[in-house]
Structure formats: C-alpha cells, structure tokens
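Subject: Structure for your files

Hello,

Here is the structure you will be working with. My notes on what was found in it follow below.

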Amino acid sequence: MSIRERLSGNEAAATAMKQINPDVVAAFPITPSTEIPQYFSTFVDNGLVDTEFVAVESEHSAMSACIGAEAAGARAMTATSANGLSLMWEMIYIASSLRLPIVMSLVNRAVSGPLNIHNDHSDAMGARDAGWIMLFSENNQEAYDNTLMAHRIAENKNVRLPLMVCQDGFITSHSIENIELLEDDKVKEFVGTYKPEHYLLNKDEPIAVGPLDLQSYLFEHKAMQAEAMRNAKQVILDVAKDFEKMTGRKYGLFEEYKLDDAEIAIVCMNSTAGTTKFVVDKLRAQGIKAGLLKVRVFRPFPVDEIANALSHLKAIAVLDKADSLNAAGGALFEDVTSAMYVNNIHVPAVNYVYGIGGRDTKADDIESVYNDLSEIVKTEKIDNPYRYLGLRKEAQK
Amino acid sequence: MTDINTNTPMEKLTPGGDIYTAGNAKDFKTGDWRSAYPVFLSDKCKQCGLCFPVCPEDAIPVGKEDLKRKDFNYDYCKGCGVCAKVCPFGAIEMREEGAQ
C-alpha cells in the first residue's frame with residue numbers, strides 16, 4: 001500500500017532523498033532549490049537519516065565534496081539551481097569524467113543575467129554536454145519517482161555516470177500536489193546499497209583517481225563516457241520496468257500523449273507538458289487530432305525512438321524553455337530535428353522559444369501553437385521555423 | 001590491472017582513467033619536460049648533502065652504502081635548478097637543454 005500525501009516538488013525531492021538515505025549530502029542554498037537541503041538538514045537533525053550533511057561555502061564546494069565522497073566509495077547527493085549550477089561548472093565535468101554516479105536535484109531556473117530567479121531551462125541546457133544523465137519531471141510525482149530510480153541507473157556498472165533530476169522551479173518545486181509515496185523499506189530495497197568495485201577508502205587496493213590524462217588517453221576515456229551514455233538508455237528502461245512492477249507507474253524514455261493517431265504534435269519537457277495535455281484534450285473534443293511527446297530522458301537523447309514516434313505526423317512544434325542564442329534554434333529543437341534527419345524522416349517542424357525567465361505559458365498560448373501547426377499543414381509553408389511564444393512585440397502593421 | 005600503455009585499446013582502459021595500483025609514478029618519465037639541465041661537477045662537490053633533499057623529483061640518487069650523491073637521473077629531472085641554487089661550491093651548473 002502506497003502512502004497518499006500532498007507535497008511540493010521540493011518536498012517530494014527531499015522526501016525521496018530521505019528514503020534513499022545517502023552517505024553524504026553536500027549542498028548550498030539557492031532559489032528555488034533551497035528547500036531541498038533545508039528539509040534534508042532537518043531530517044539529519046531529527047535523526048531520520050544517517051547522512052553526513054556538509055554545509056559547504058559554495059556550489060563549487062558542494063560538487064567537490066560530492067566528488068570526494070563518491071570517489072571514497074560513498075553515495076552522495078546534492079541539489080541546486082541556475083547560477084548554483086554555473087558555479088559548479090568545473091566540477092560537473094570532473095564528476096562525469098571520473099565516472100562518479102552522483103545524483104543531483106536540479107530545480108530549473110533562468111541563469112542570470114539580468115537577475116531572475118524564475119523558471120526556464122537555461123541552467124539544464126547549458127549543462128547538456130557535460131556528460132550527465134538528465135531526467136525531466138512534469139510534476140512532483142515524477143520528480144519523486146525519477147529520484148528513486150536515479151541511483152539504480154547512475155550506479156549501474158555499464159553506466160557509472162552522474163545523473164540530474166530536473167523539475168521546474170516554483171511551478172512544480174513550490175506547488176503542492178497530491179503524491180503517492182512508497183514505504184521506506186520498499187525504497188530501501190529498490191535502491192539497494194552502493195557497492196563500488198574500486199574506491200579510495202579500500203585499504204586493500206590503493207588507487208589513484210583523476211590522474212593526468214594527456215594526448216594518448218583522454219580521447220579514449222571520453223569515448224568511454226560516450227559509450228556509457230549510450231548504455232544508459234537500456235538501463236533506464238530496465239529500471240523503469242522494475243519500478244513499474246512495484247508501483248504500477250510506467251516510465252519510458254518519453255511519454256506519448258494521444259500521439260498514436262495525432263496529425264499535429266508538440267514536443268516539450270517538464271511542467272509545460274501538463275498544460276499541453278489539457279489543451280490536447282480540449283482540441284480532441286473539437287475533433288482536432290493533436291498530440292504530445294513529452295521528453296523524460298534528455299540525456300542520453302533517444303534519437304531513433306523520438307524520430308520514429310514523430311514520423312507519422314503532419315507537423316510538429318518543439319518548445320524550448322531556453323534560447324540557445326545561436327541564431328538557429330533551441331537545444332531540444334536541434335536534437336529533435338537532427339534525430340529525424342539522420343533517420344531519414346521528414347516532418348515539417350517549427351521551434352518556439354517560450355517561458356523565458358518564468359514568463360507564464362497558459363493554455364491559450366499552447367493552443368495558438370496547435371493553430372499554427374494546423375495552418376502549416378494546410379498551407380505547407382513555414383516562413384520562419386525559429387519563433388517565440390508569448391514575446392511582447394510592437395503590433396505588426 | 002593489465003599494463004596500460006599508449007597502444008592499449010579503449011576497451012582495456014579503466015573508467016575515468018583510474019589507476020588501481022600504487023607506486024607507479026616512476027613509470028611516467030618527466031625528464032623530457034626540461035628546458036635546462038644540471039651538470040654535476042664532481043671535482044668541485046664536497047658531498048655536503050644540501051642538494052638532494054631539495055630535489056622535488058628525487059632525481060639525485062644517493063648511495064645506500066657510501067651515502068654520497070651520484071650523477072643526476074635525467075629520466076625524471078625537470079631542470080628546475082633548485083639544486084644548483086643551493087649548492088655552496090658551484091658544483092652544479094645549469095645549461096640550456098640541447099646546448100653542448
């Protein structure tokens with residue numbers, strides 16, 4: 001019997017961490033993820049976990065402490081947002097290249113500047129090539145479930161990569177929703193204990209971690225990281241299958257919502273998927289064949305699977321909650337369209353940059369995207385694929 | 001751990017380049033980093049023992065029996081010149097690498 005609760009997204013992430021009971025948590029407060037280490041430190045103070053909580057002086061130190069702990073053989077977790085992740089920058093690459101399966105809760109927020117504390121995905125998108133597995137969560141339930149699955153994926157011997165669980169700052173992190181929690185003992189059994197093969201505190205095997213890696217070796221070690229990232233895809237599916245057996249909640253690389261017979265569809269991540277589902281239902285009632293593909297696993301990117309899932313559509317819109325400022329389009333748009341290109345699938349596609357700096361994206365905005373898609377299907381014309389949704393502009397003459 | 005060298009294929013390398021044995025820094029010869037090299041002038045040397053403790057690379061061997069310093073180990077000497085600086089007798093001369 002699962003436990004029915006009502007929790008915010010941050011509480012959900014902190015509760016998952018409590019049930020996982022990691023050896024080390026090192027974190028520094030930053031809005032909107034502050035509550036995660038805050039709740040967690042009360043769990044530590046109340047003796048509900050056995051964790052060593054390291055109250056570090058910066059996010060750079062938080063990630064450094066996690067790296068040290070994992071290299072020593074411990075299970076380490078952290079949480080951050082936006083500029084906190086920026087300050088970790090140097091160390092997030094060290095974590096992935098040393099193949100340390102650290103798990104981080106990334107509560108997505110706009111990276112300054114100018115200063116903004118609200119939600120978009122510029123923090124996560126900036127780190128997309130850092131070698132971390134990246135899971136996105138539509139709501140607090142998914143943030144909780146993804147966190148419970150995280151260690152099984154990250155610590156798998158064919159993977160050994162750090163993993164971040166993303167959720168939308170404020171929109172889900174501070175919104176209280178119903179949630180189904182698992183019992184502590186079930187989580188404990190599911191997550192298991194961390195048994196690294198090689199670790200620094202093993203007195204019987206002195207090892208060196210992070211040695212000098214020059215021209216003759218770094219290339220191969222990077223290729224091994226890339227291979228681990230490819231391996232992660234199957235492991236993510238295997239872990240999801242086990243999770244489904246226990247909870248009945250089904251997870252894949254992405255979720256298809258009324259996509260089977262859809263003619264037009266939106267591709268997006270995190271909480272916008274919830275709004276989009278509402279709009280899809282509304283349009284379906286009007287006889288419009290609208291659908292949604294919600295990306296859960298952004299790294300590794302499910303290239304073939306996404307291309308195939310979108311192959312039957314007449315037009316698609318990819319929604320990016322971060323502008324790549326590359327004069328070409330957002331990161332998700334580029335990944336989706338290149339996935340389709342290499343699979344020799346051509347579907348008219350447009351990109352909408354939206355929700356920057358926490359700009360509210362309402363059902364009407366999403367509906368306007370579907371209207372645009374219907375127009376594209378009708379006219380077979382795309383004037384400009386790189387568009388903005390909800391941007392204030394002078395009225396066109 | 002198998003012996004890893006510049007011909008080892010990717011599949012045989014360790015994740016993250018971790019080294020699962022101890023005491024193998026000697027396998028990495030740093031001598032070719034030098035831009036200047038020290039020359040040991042044994043006739044000027046009084047065996048005072050000031051030079052070898054300051055060598056960061058342990059590249060001045062000392063005899064186990066006679067406790068006297070021997071010629072430089074150029075496999076590891078990086079040419080920092082600290083030894084030449086501390087020698088009170090001018091028994092260590094720094095020369096530009098490649099020069100005669």
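Two strands are taken to pair if DSSP finds at least two bridges between them. Please keep in mind that this is a predicted model.

Sheet in chain A

On that basis, chain A has an open sheet of 7 strands with mixed pairing, and their order is S3-S2-S4-S5-S7-S6-S12. Strand S3 (52-55) and S12 stand at the edges; each has a single partner strand, so one side of each is left without a neighbour in the sheet. On average, neighbouring strands of this sheet are turned by 20° against each other, direction ignored.

At the S12 end, strand S6 (residues 133-136) of chain A runs antiparallel to S12(A), and 2 bridges join them. In one of these strands, S12(A), A:Val297 is the bridge partner of A:Leu135.

Most peptide bonds are trans. Two places in chain A are worth a look on this point.

- A:Gly113 and A:Pro114 are joined by a cis peptide bond, with omega about 0°. A:Pro114 sits in the loop between strand S5 (103-108) and helix H5 (122-126) of chain A.
- A:Arg299 and A:Pro300 are also joined by a cis peptide bond, again with omega about 0°. A:Pro300 belongs to the loop between strand S12 (297-299) and helix H10 (303-309) of chain A.

Positive phi

Most residues other than glycine have a negative phi. Which way does phi go at A:Arg99, positive or negative? For A:Arg99 phi is positive, at about 60°, although the residue is not a glycine. A:Arg99 is placed in the loop between helix H4 (82-97) and S5 of chain A. This residue counts as buried because 25 other C-beta atoms lie within 10 Å, and the cut-off for buried is 20 or more.

In chain B, B:Gln47 is not a glycine either, and has a positive phi of about 55°. Its loop runs between strand S1 (36-40) and helix H1 (82-86) of chain B. Is B:Gln47 buried or partly exposed? B:Gln47 has 14 C-beta neighbours inside 10 Å and therefore counts as partly exposed.

Contact between the chains

How many residues of chain B are in contact with chain A? There are 10 of them, and they are in contact with 18 residues of chain A. By class, the side of chain B that touches chain A has 6 nonpolar, 3 polar and 1 charged residues.

Regards

Terms used. Residues numbered from 1 in each chain as written. Chains lettered and ligands numbered in written order. Predicted model: local features only at pLDDT ≥ 70, side-chain atom pairs only at ≥ 80, totals over all residues. Contact = placed C-beta atoms within 7 Å. Nonpolar A, V, L, I, M, F, W, Y, C, P; charged D, E, K, R; others polar. Helix = DSSP H or I, 4+ residues; strand = E, 2+ residues; numbered from the N terminus. Buried ≥ 20, exposed ≤ 12 C-beta atoms within 10 Å, placed from the backbone. Axes fitted to C-alpha atoms, helices over the stretch in contact; angles between N-to-C directions.
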